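Please read the points below with the sequence and the model side by side.

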Amino acid sequence: MGSGVIMVLQQIFRLSSLFRLANALHLRRNIGLSAIAFNKAKELDPVQKLFVDKIREYSSKSQKAGGPVDVSPEYQKDMNEEIMKLQRLYGGGDLTKFPDFKFEEPNLEAAQK
């Protein structure tokens, strides 16, 4: 029993180090996002401003176009062919929406008999 307790303690320490690592990563990401948000108060440098302006411009163009911006007819043809391949491979359906999963409750009383 002594070795079992030691193994459980080792697993707890291993999990706690994983939690610490995950929290540190989460905190680091939040600090990075906070720095960007606080940077809004200051004026962006010219390169950052140009980059953000281009992203916003592309976003508005893609919303107007309803998809990718400035694509050739070949791109649309290739995209439609790939969608058809995926629909044949996976049995059709709408590939743009997340599938609906329906899980049925098992009948445990029937399994016991």
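Predicted model: local features only at pLDDT ≥ 70, side-chain atom pairs only at ≥ 80, totals over all residues.

1. What span should the 18 residues of α3 have at 1.5 Å a residue, and how far apart are its end C-alpha atoms? The expected span, defined as 1.5 Å times one less than the number of residues, is 26 Å for α3, and its end C-alpha atoms are 26 Å apart, which agrees.

2. Residues are numbered from 1 along each chain as its sequence is written, and side-chain values use heavy atoms, with hydrogens and water left out.

3. The chain has four helices and zero strands, where helices (H or I, at least four residues) and strands (E, at least two) are DSSP runs numbered from the N terminus.

4. For α2, the 20 residues should span 28 Å at 1.5 Å a residue, in agreement with end C-alpha atoms 28 Å apart. After α2, G66 takes a positive phi of about 75 degrees.

5. V71 lies in the loop between α2 (46–65) and α3 (73–90), and V71 is partly exposed because its relative accessible area is 33%, the classes being buried under 20%, exposed over 50% and partly exposed in between (1.4 Å probe, protein chains only). Buried residues make up 3% of the 113 residues in the chain.
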